[in-house]
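Colleague: I have this one open now; could you walk me through how the helices pack and what sits in the core?

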Amino acid sequence: MADIIEMPKLSDTMTEGTVVKWLKNVGDKIGSGEVIAEIETDKATMDLEAFDSGVLLKIVAPAGARVACKAPIAVIGEKGENADEALAKAPAPAPSAQAKPAPAAYAHAPVAAPVEVSSPKQETLGGRIKASPLAKKVAAELNVILSSLTGSGPGGRIVKKDVLGAGQNRGGGGGWFHPSGPVAQDGLIPLTNMRRTIARRLQESKQQIPHFYTEMEVDMAACIKLREELNARLEKQPQPAKISFNDFVLKACAQAIRKVPSINSSFGEEAIHQHGSVDLAFGVAIPGGLITPIIRNAQDKNLKQISIEARELAGRAKEGKLNPQEYSGGTFTVSNLGMFGVDWFSAIVNPPQAAILAVGNIVKKPVVNEHDQIVIGYRMSLVLSADHRVVDGADGAKFLTEVKALLEVPGLLLV
């Protein structure tokens with residue numbers, strides 16, 4: 001009896017998936033456990049393995065099709081079996097489980113004809129332009145036509161300064177060449193499953209969760225010094241490691257939640273779920289969106305363990321190789337944009353979590369010390385966004401105070 005391969009539900013939030021491509025053709029033999037297709041979930045692109053051996057009798061959902069979870073996408077069986085009979089005997093999928101055809105061409109709004117962007121065609125005189133290789137390279141970068149220039153080099157040869165001078169003469173201010181033309185190809189970018197999920201969940205969060213925000217500034221001088229000392233020692237170990245500032249923040253959060261467990265909770269219709277372990281999520285930017293890998297039981301792990309695990313998870317996240325259980329079910333999230341030079345921002349609560357911490361850049365700035373002297377300080381902003389149905393303002397303040405204290409005396413994170 002032929003078996004139907006269904007669109008798998010690969011994460012808690014996945015309602016449909018997209019068949020990115022089939023790795024087998026109709027008529028191919030398939031072994032149990034063999035990867036037969038790539039499926040795009042709401043978070044990543046994952047391999048689809050066959051549960052049975054046989055022959056691929058029919059592909060129901062072609063590459064590019066977006067299909068609801070549990071809907072048929074292919075049929076596998078013995079050679080000669082009728083795939084349509086198997087499909088006819090299968091339970092009818094729910095209306096929402098009907099396969100949606102792949103958009104052969106997305107419905108474009110009327111747009112202007114695309115402007116062809118190309119390097120300027122270099123007109124030649126007598127078939128040859130006398131220009132140095134560097135001048136040609138700079139001309140291509142700045143979109144300057146060499147044949148329009150008069151060379152100042154030996155024998156009228158065009159050199160770099162002639163090209164740069166042409167760029168300056170075109171205006172743009174400040175003597176710097178001002179590029180022109182479209183910044184990108186004009187058109188519509190189809191929504192990926194990940195972008196749909198991000199849009200839906202964060203819109204729901206902003207509309208349904210009453211956010212409040214609490215901010216503190218942390219003196220990071222001691223943390224900077226301790227990190228330098230630790231990394232200098234860790235570099236010399238048989239298995240070198242490197243602690244990041246984000247690792248300190250993650251560890252401080254996991255430790256602070258022991259003092260303020262309400263931060264690590266979720267709102268339910270009948271009760272508030274206070275989680276017993278800190279499944280610590282942290283944001284990682286990936287092509288086309290973001291993902292939040294999770295360090296499980298972070299409250300029981302030391303700084304080095306958190307650092308190694310965070311680095312390993314982030315690396316696989318960027319390669320799209322996380323398993324659903326590695327990014328589903330977090331209880332608290334840290335979002336750090338400091339590495340992008342962002343000094344301050346507030347994040348949106350990631351439901352069903354009750355809070356998220358936004359971390360900014362470490363800024364060198366004048367501060368007033370305990371002797372009322374203005375000195376150079378190193379400050380970092382922390383902004384806690386919290387669900388006011390679960391977390392009160394006082395709890396948010398206590399949590400930030402605890403995180404601040406740990407980061408300003410970072411030796412406490414090592415004991």
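**Helix packing and cores**

Modeller: Helix α6 passes helix α7 in a right-handed crossing (a crossing is right-handed if the near helix is turned clockwise from the far one by less than a right angle, and left-handed if anticlockwise). This is a predicted model, in which local features need pLDDT of at least 70 and side-chain atom pairs count only at pLDDT 80 or more, while totals for chains, interfaces and linings use all residues. Residues are numbered from 1 along each chain as its sequence is written, and side-chain values use heavy atoms, with hydrogens and water left out.

Colleague: At what angle do α6 and α7 pack, and how far apart are their axes?

Modeller: α6 (residues 245-259) and α7 (residues 303-318) pack at about 120 degrees, with axes 9 Å apart; axes are lines fitted to C-alpha atoms, for helices over the stretch in contact, and angles run from 0 to 180 degrees between N-to-C directions. That makes α6 oblique to α7, since angles under 35 degrees count as roughly parallel, over 145 as roughly antiparallel, 65 to 115 as roughly perpendicular and the rest as oblique.

Colleague: Which residues make that contact?

Modeller: Asp247, Phe248, Leu250 and Lys251 of α6 meet Leu303, Ile306, Ser307 and Ala310 of α7, where contact means heavy atoms within 4.5 Å. By class, the contact of α6 with α7 has five nonpolar, one polar and two charged residues (Ala, Val, Leu, Ile, Met, Phe, Trp, Tyr, Cys and Pro count as nonpolar, Asp, Glu, Lys and Arg as charged, and the others, Gly among them, as polar).

Colleague: And how do α6 and α8 pack?

Modeller: α8 (residues 393-408) packs with α6 at about 130 degrees, and their axes are 9 Å apart; the two are therefore oblique to each other. α6 passes α8 in a right-handed crossing. Among the residues that meet are Phe248, Cys253 and Ile257 in α6 and Phe399, Val403 and Leu407 in α8.

Colleague: Switching to the core, which residues have the most contacts inside the largest one?

Modeller: Phe332, Phe399 and Leu407 do, in a nonpolar core of 59 residues, meaning a set of buried Ala, Val, Leu, Ile, Met, Phe, Trp, Tyr and Cys residues joined through side-chain atoms within 4.5 Å. α6 gives the most to this core, with eight residues. A second, separate core of 20 residues includes Val19, Ile30, Leu48 and Ala74.

Colleague: How much of the protein is buried overall?

Modeller: Buried residues make up 42% of the 415, with buried meaning under 20% relative accessible area, exposed over 50% and partly exposed in between (1.4 Å probe, protein chains only).

Methods
Helices (H or I, at least four residues) and strands (E, at least two) are DSSP runs, numbered from the N terminus.
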